[in-house]
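Subject: Structure handover

Hello,

Please find the structure below, as promised. My notes on it follow.

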Amino acid sequence: MKDTVSITGSAHTVHIHDSALKHVTGRADYADDIALPEGTLHAYLGVSDVAHARLLNIDYSEVLATPGVVGVLTAADVPGVNDISPTGLNDEPVFPTDLIQFHGQPLFAVIAETRGIARRAAERARVDYDPLPHALDPVAAQEAGYPHVTAQLKLERGDVAPALSAAQNRITGRMTVGGQDHMYLEGHIAFAIPGEDDEIFVTCSTQHPSEAQHMVAHVLGVPSNAVVVNVRRMGGGFGGKESQMNLFCAVAAMAAKKWNRTVKIRPDRDQDMTATGKRHDFVIDYDVGFDDTGCIQAVQGTFAARCGFSADLSGPVTDRALFHADNAYFYPNVRLDSHPMKTNTVSNTAFRGFGGPQGVIAAERIIEEIAYATGQDPLDVRKANFYGGEDRTLTPYHQEVEDNILDRLVSELEETSDYRQRRQEIIAFNETSPVLKKGIALTPVKFGISFTATWYNQAGALVHVYNDGSIHLNHGGTEMGQGLNTKVAQVVAEAFQVDFERIKITKTTTEKVPNTSATAASSGTDLNGMAARDAVEQIKARLVKFAAEKWTVAPDDVHFLPNRVQIGDEVLPFDTFIKQAYMARVQLSAAGFYKTPKIHWDRDSGKGRPFYYYSYGAACSEVTIDTLTGEYRVERTDILHDVGRSLNPALDKGQVEGAFIQGMGWLTTEELWWDDKGQLRTHAPSTYKIPLASDRPRIFNVQLADWSENRELTIKRSKAVGEPPFMLGISVFEALSHAVASVAEYLECPRLDAPATPERVLMAVARLQGEG
Ligand code: MTE
Ligand code: HPA
Ligand code: MOS
């Protein structure tokens, strides 16, 4: 069976994911499938069963007495710095020395001959501690006077206080928005092989090999050049493997060096869920002033987030929440503040959208509030407040929205989904249906593309052409299912004008491309595609020079044709031409580089152009709820999404569908629940409900806006797709809200927190019926 498949149609070639066949036949190698060297040891984490305490002593005697246990790895074994905080704040020890900060915090690792032995022995340690009071959520943390884990952000434009008081109407509200577990199919996993001297080789499942490398070096007290980190692919990352792999890499590496044997660590699902960070939950307070037509005059918002015990990526996550608290809407006067609260919970981290979804849902709730207050169709309120028109393009962070296509995109979806007609029918249905109620909502999304940490917006690639004409591609991005490798290989194949199959896609390794950024912020293709093209262009320039000299033609007379090269009147197969270039000693390898132009951001003043461009989309969802049980189902969803000029429509559609479903899961059934001791009780798929295939919309129409192209010079004018469609799930949430509102004649905007579980839907219905 061949590893890559191209479906050749009459017009163009469709490339399926380069590993698709291997994924579905179980032949794709994940970190757990790689054969381990003789004598490999296994590590398992011992964790705390208290949320906050002074750590007094750990007695390992029973652990060490367990047959098959080789030893324990503790804070005292850290040869370098006992810190794995990704932002260098020194607030995240590998293992704590004197303070336990959350229930489930890793305290030590047991190293044993088998994973089963290590896992069972880890429970036999006796931990002595002095309990301290704990705060689990952002409100409790604020009441307890807990600090922020990182500096707050403030965004401001205009004069919000007078504008709010002068507005014809004013609404204040609070919404809580839940977090989310990544629930990647493959959990965290790492193994480390000790090398000569200070060298160490780590294979793991991370979105950020360079950070894992630097972190292992930091913890081992060796320079980065001693550490190699390899990643072939992940079984999903979704942001959960941007920084969270640091712990597992550090443990495997330290143990490998200590015992001079290969050490592998793979937590089970429960430990993966309790010991690694999730999406931040937020408590959002808003105050909005608007006129009688529903036009927004001023918005004030505070965004308090459950960050957990350390900063991790909470700074940029809460910043991105503020950057998206406008979603698609112009706020003439605005003031937004983040409160990144320290809590005694696992440190929350990146998750698809990176805080953006929590900002966007606040904007959409504000719109719904205004719609009910003014008795309008929420879609009309949305349209009335879109960016665009004279003096209505400036965001709260002072970037101009120059590429807004929402007027067209939303109008098209409104037509194709038959929104107006169906809304009338739904309202009519609800009048005659006492128990089942329907709801519909059409919500837009605008998402800013670029890392807000400007220096992250760089990438490298390494391209070799071997003298048989085969091509080896390496770049700094990682493959987690999104199809990045396929897209970058397409870029290379097209630049050389050779068949896709000629490109060998290889593992990501810190040995080939250094100082890479996380594959995150949806920017994998934008960055690595450009870097790879830069490498190809360098090689092509040398080939053209060689051909022009050898055949004595003008450089303009050298053309790369499909699998051939034309030089003047002569046409050679690509391989023949490459062999000749090799014989003439032409360098057939190049390192490419790219950095995103135009962007800058000054966090202190809250002004700049953090985003190169925006991606847009809209979704229309219809739901039915059962007002006696709160149960619901999604009847139909229509999506129109903007990916600019699609590099690969099959992959892009897959991203849109998957992101929508994941966004819907976040806002409907996925609920994280900690008990009052701070123990996460939803720690496995048994208690944490992600959407099933049977939960998908009964009718699901997904279209890419094929007329769109990026006005910026991205790779082939495409746009990032990984995260933006996640927020299309908000259409389901607002459709549920619409159905709930029907029980009280749509006179009031239902109070609905996320996730809108059947329980919350039922409570919202009861409240509107005067029973709550
Ligand atoms: N798609 C799959 N199948 N698996 C994943 O883990 N992660 C998402 C998105 N799509 C993810 C995915 C997230 S959070 C991001 S930031 C982007 O992919 C990262 O990849 P890209 O930049 O290449 O789009
Ligand atoms: N998105 C995703 N990951 C990140 C970002 C971002 O903006 N900044 C740092 N890591
Ligand atoms: Mo995605 S949350 O930026 O890894």
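A residue counts as being around a ligand if one of its heavy atoms lies within 4 Å of that ligand. Please keep in mind that the model is predicted.

Ligand 1

By that cut-off, 18 residues are around ligand 1, and G237, F238, M480, G524 and Q655 come nearest. This shell divides into five nonpolar, eleven polar and two charged residues.

- The side chain of Q482 has an N or O atom 3.0 Å from an oxygen atom of ligand 1.
- A polar backbone atom of S523 is 3.1 Å from an oxygen atom of ligand 1.
- A polar backbone atom of S522 is 3.5 Å from an oxygen atom of ligand 1.

How much of ligand 1 does the protein bury? Taken alone, ligand 1 exposes 520 Å², and the protein buries 92% of that.

Ligand 2

The residues around ligand 2 are E242, R320, F354, F451, T452, A520 and A521. Sorted by type, they are four nonpolar, one polar and two charged. E242 places a polar side-chain atom 2.7 Å from a nitrogen atom of ligand 2. R320 has an N or O atom in its side chain 3.3 Å from an oxygen atom of ligand 2. On its own, ligand 2 exposes 260 Å², of which the protein buries 97%.

The protein chain

The protein chain contains 19 helices and 31 strands. Its radius of gyration is 27 Å, close to the 28 Å that the globule rule gives for 772 residues, so the protein chain is as compact as a globular protein of that length. The C-alpha trace spans about 80 × 75 × 50 Å along its principal axes.

Of the 772 residues, 62% count as buried. The protein chain exposes about 28500 Å², and carbon and sulfur atoms supply 50% of that area. Contacts can also be sorted by how far apart the two residues are in sequence. Among contacts between residues at least 6 apart in sequence, 80% join residues at least 24 apart.

Two single residues

Is N246 buried or exposed? Its relative accessible area is 2%, and buried means under 20%, so N246 is buried. The side chain of N246 reaches the backbone oxygen of S243 at 3.1 Å. Apart from neighbours within four places in sequence, N246 is in contact with I84, E211, A212 and M215.

With a relative accessible area of 8%, V558 is buried by the same cut-off of under 20%. Which residues is V558 in contact with, leaving aside its neighbours within four places in sequence? They are V544, A547, A548, V553, V565, Q566 and I567. As for A384, V558 is 174 residues away from it in sequence, and the two are 54 Å apart in space, C-alpha to C-alpha.

Regards

Key. Residues numbered from 1 in each chain as written. Chains lettered and ligands numbered in written order. Predicted model: local features only at pLDDT ≥ 70, side-chain atom pairs only at ≥ 80, totals over all residues. Heavy atoms only, no water. Polar contact = N/O pair within 3.5 Å; in protein donor to acceptor, adjacent residues only side chain to side chain. Areas by Shrake-Rupley, 256 points an atom, 1.4 Å probe, with all protein chains shown as cover. Nonpolar A, V, L, I, M, F, W, Y, C, P; charged D, E, K, R; others polar. Helix = DSSP H or I, 4+ residues; strand = E, 2+ residues; numbered from the N terminus. Rg over C-alpha atoms; globule rule 2.2 N^0.38 Å. Buried < 20%, exposed > 50% of the residue type's maximum accessible area, 1.4 Å probe, protein only. Contact = heavy atoms within 4.5 Å.
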